[in-house]
Every structure is written in structure tokens, then in C-alpha cells.
Amino acid sequence: VLEHVKDPERTIKALWDKVAPGGQLIFSVPKNGIISSPYNVREFSYGKVRDLAETVSKVAGSPEYICDVYAGEREFLCVIQKDPILIRYVQVQGRQQMADVHNNIINSGRTKTGVYNWSRIFHGGAQKLEDIDPFKHDVIHVQLTGDNFDAPRILRDRIGDAGDGKPKIVVNLDYPPELWGGYPPYPELLLHQLQSADFVFAQNDLTCRILSDQLEKAIPTVPHPVDADSLKASRVPIDRKDIGHVAVLAHRDCNVELPRLVFQGLDVTTKLFGFDEPTGGAAAYVSQAQFGYNIAQPLVAYEDYLPLVNECAIAFETYTHSVQGRSTMEMACLGIPTIGHTCVDAQTKCFPSISTGLHEIAAQRRMLSRLLKDKSFYMSVVETAQAEVEFYNFENSKRRFMEMIGHAYNETVESPVHRIIGNDKGTSIPSAFGRYQDSPLTLQA
């Protein structure tokens, strides 16, 4: 009850000294005038909470730490992470709606793989392009999409020529090369955007080889991070599953017709993820005739999808393009052997013994049959996947990113800034803090 304490700065500093590296100090105080008590010796506005947090997390001669201040309906909540700021990081979105989606995802923690995790690792967030002051950041990250396609060129015009001490524009291509024709006029404008960046990276080796040839410089493979610890914690042991329950993982631009040939003659129950369930009548008949799967799981939110797929003992990855492989990494963390194609980088890394070329139906059926019958083989596949997926964990991903931009791992920047979130008009609090939650959090980085 800091409102009862005469010297809250001293109290908070004493508590901060007890926080272990990587831990958090969390405290809350009522808003001005919300709670009246004869024991109150002070009241707190948003500015006073912010000042109190800064005196704790910014100490002369020591690194600064990330500090978030949230405002609920009745209270302010402050969270200080004892994890030194490495770089001032922001991710670029073309529209406010997309920035809000990004920030709500990273603060809820519900998506465990993909580009969102860079914001988690570097304690950053997303902003709309036109709202970004590039000189308040060390790294401005653009995952190039149709929504923010012109961002590299616009940022280069604002920053000027590249140089020491200037913000770094980092651009990555997440789309597989087979889909680059969606960047018109192709390829001239795409290459021009990439040439505006200080650093370019991609998530799979083939994409990097193509970009290295076109840009005439080395392009590193830097896969997006995976929250491996969180996913592994929800793994369900095989002895609690039906070994014949197979998940078929569908995506955009995949092939779900040919994989059904793999299952012919095998005692399996197949569950197709990624398509809307047909509503009945002719639509249901056509869907059943086309796909032939036992169960068509309706599309659900990511946080609902993971428990459903976790009921399956084996998975089949249907992607046929050159990608990193988010689903494959999730299956590796969950301990679900996944048959798939070698064009997916995570497939060959995590499941080398059950990877094939495109549509090698006979080989895939042999692999599936062995997984169904040979428990020692099944467990060896799981053990390999559980070990290899750590390549994509937060620590290894952070190291690769820092090395790419020329920073030593764990090197703090010379003049970092706090990420103070929200204002006294009611920016909401992440759902992880239970009763403080009133609406989705929007970052104002």
C-alpha cells in the first residue's frame, strides 16, 4: 500500500534490490481520489507513478530496464522487468489497426511463433509508419507486406544516408519466393525497397540465397523466434493419446488433396485443420469427396487451436512452398512427429527422418506406418525434434539478430529510453494481470 508510505521511492528501491535478474517488480496504486482513507499520506497521478518507476529502473551507473505503466479504471499498475534494454526496437505497420493487432498479441502472449516474438524479445511494439520518429529507435523493423510495402524507402528518406549512430532499417521477407509476384511491379520495385534497408534477412535458406544473388551481398537466415518453453510446457504425453489420431495442417497455398492418398489402407483418424467446416448439403458432399478427411475442424483462434491439435499423436504438414515452418516448430515443441516436405526449413531440422520431397506419397505412407507401429522410432523422432527446435528459442534468436546488426550479444545501447505505456485517461492492462483488465492493451511506444 504505497499510498500509506511516506517514502515510496525508498520502499520500491528496497524491493527492486531483491528482484533476481530476469524477474519483475509489479506494484499498483489507486488513482487520485478513487479510494479515500485516513491512512493515505499521498495520492498518485499517472505522472507520479511514471516518475516513481523511473527512479527505480534508471540508476546512475547501471543499465536501464524496461518499464511499463498501465492505467485501469481505478488503479495504476507498474511492471519493471529486470532485463537490460538491448536495443530500442519498433516494428512498422502500415495501418493503426495492424499495429493494434500486433501489440495486443504480444501483450496477451497468445501467439507462440512468428514475427511478433521479436517485439517480445526486445521489449518493443508496433507503430503505424506515419507515427514513427525514427530517431527515437535503434532498430526499425519492417516485415515487408502489401500493407507497409513502401516503408523502407520512406524511412530512408527520413533518416538520410546510412551511418554510425543512425537508426538501422531492418527488413525481412516472410513470403515464400513463389509468391513474390504479388509485389508489383516485380521484381524492380521489390529490390528497390530492399536496397533502402541497412540489413535484410529472411527466414529460410532458399530465400536468402535468392536475395544474396539479387542484392549482391550476403543475406543471413534469421528465423523468427519460437516461445519454446511455453509450448513445451503444454505437451501431452503419447500414452494419453490415440496413436492413430493424425492432424492434417492446412495453410494458404498448400495442397490438401494429395496427402489423403497417404492415409489409404492405414487405420487412422484424420483431422483437417485450417478450413471452414462446410454448412451441409452439396457443400458438405463436395468437401467430403474432395478432401476425404474424417473430421474438418472449423477455424478457431490460435489459443484454441493448440489444445485441439495437441490431442493428435501425429501430424502431416501440407505446405509446398519455401518457408520457415511455424506449424512444424509448434509440433516439434508439442512432441508431435510431423511428416512434411523438405522445402520447409524447420521440417528438415526438427524431423529429418520423416521429411520427403514434394508429394512422395509412397515414402510418406511408409513413414506414417512406421510411426504407428514402432514406438521406439516414434520416440526417437520426438526426442530429435525436442532438441533441434531449441535452435529457434528466444535466446538463440536474440543472439542471431544482435549479431546481424553488429551488436555483441547482451550489449546495451549507450542511451536507451524507457517504454512508458499509456496515459492517465485509461490505457488498459494486459489480461495476465486479471482484475486489472478492462480492455485490450494498445501500445503507445
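Which residues in helix 11 are buried? Looking along residues 302-309, you'll find that Y302, Y305, L306 and V309 are the ones tucked away. They sit on the same side of helix 11, because the arc they cover around the axis is only 100 degrees. As for what lies over them, the cover includes helix 8 (228-233), strand 9 (245-249), strand 10 (269-273) and helix 12 (326-334). Keep in mind that this is a predicted model.

Is N310 buried or exposed? Its relative accessibility is 6%, so N310 counts as buried. Leaving out residues up to four places away in sequence, N310 touches S234, R235, V236, K241, L334 and I336.

Now zoom out to the whole protein chain. There are 16 helices and 14 strands in it, and 52% of its 445 residues count as buried. Take the contacts with a separation of 6 or more: residues 24 or more positions apart account for 69% of them.

Next, the interior. In soluble globular proteins, nonpolar side chains tend to be buried together. Here the largest nonpolar core has 49 residues, and F263 and L368 are those with the most contacts inside it. What does L368 touch, not counting residues up to four places away in sequence? The answer is V246, V262, F263, L266, I314 and I339. Apart from this core lies another one, of 26 residues, and I140, V142, L215 and I219 are among them.

Charged side chains give you another way through the model, which holds eleven salt bridges. Start in helix 5 (residues 151-159), where D157 and R153 are four residues apart and therefore separated by about one helical turn. These two form a salt bridge, with their closest N and O atoms 3.2 Å apart. D157 counts as exposed because its relative accessible area is 56%, while R153, at 29% relative accessibility, is partly exposed. The pair also belongs to a network of salt bridges that links D150, R153 and D157.

R156 has a salt bridge too, with D198, at 2.9 Å from N to O. R156 lies in helix 5, but D198 is in the loop between helix 6 (188-195) and strand 8 (199-202), so this pair ties together parts that are 42 residues apart in sequence.

Finally, head to helix 16 (residues 394-404), where E395 and K398 are three residues apart and so about one helical turn from each other. Their side chains meet in a salt bridge, 3.6 Å from N to O. E395 counts as partly exposed at 40% relative accessibility, whereas K398 is buried, with a relative accessible area of 7%.

Conventions
Residues are numbered from 1 along each chain as its sequence is written. This is a predicted model: local features need pLDDT of at least 70, side-chain atom pairs count only at pLDDT 80 or more; totals for chains, interfaces and linings use all residues. Side-chain values use heavy atoms; hydrogens and water are left out. Buried means under 20% relative accessible area, exposed over 50%, partly exposed in between (1.4 Å probe, protein chains only). Helices (H or I, at least four residues) and strands (E, at least two) are DSSP runs, numbered from the N terminus. The arc is that of the directions from the helix axis to the C-beta atoms. Contact means heavy atoms within 4.5 Å. A nonpolar core is a set of buried Ala, Val, Leu, Ile, Met, Phe, Trp, Tyr and Cys residues joined through side-chain atoms within 4.5 Å. A salt bridge is a side-chain nitrogen of Lys or Arg within 4 Å of a carboxyl oxygen of Asp or Glu.
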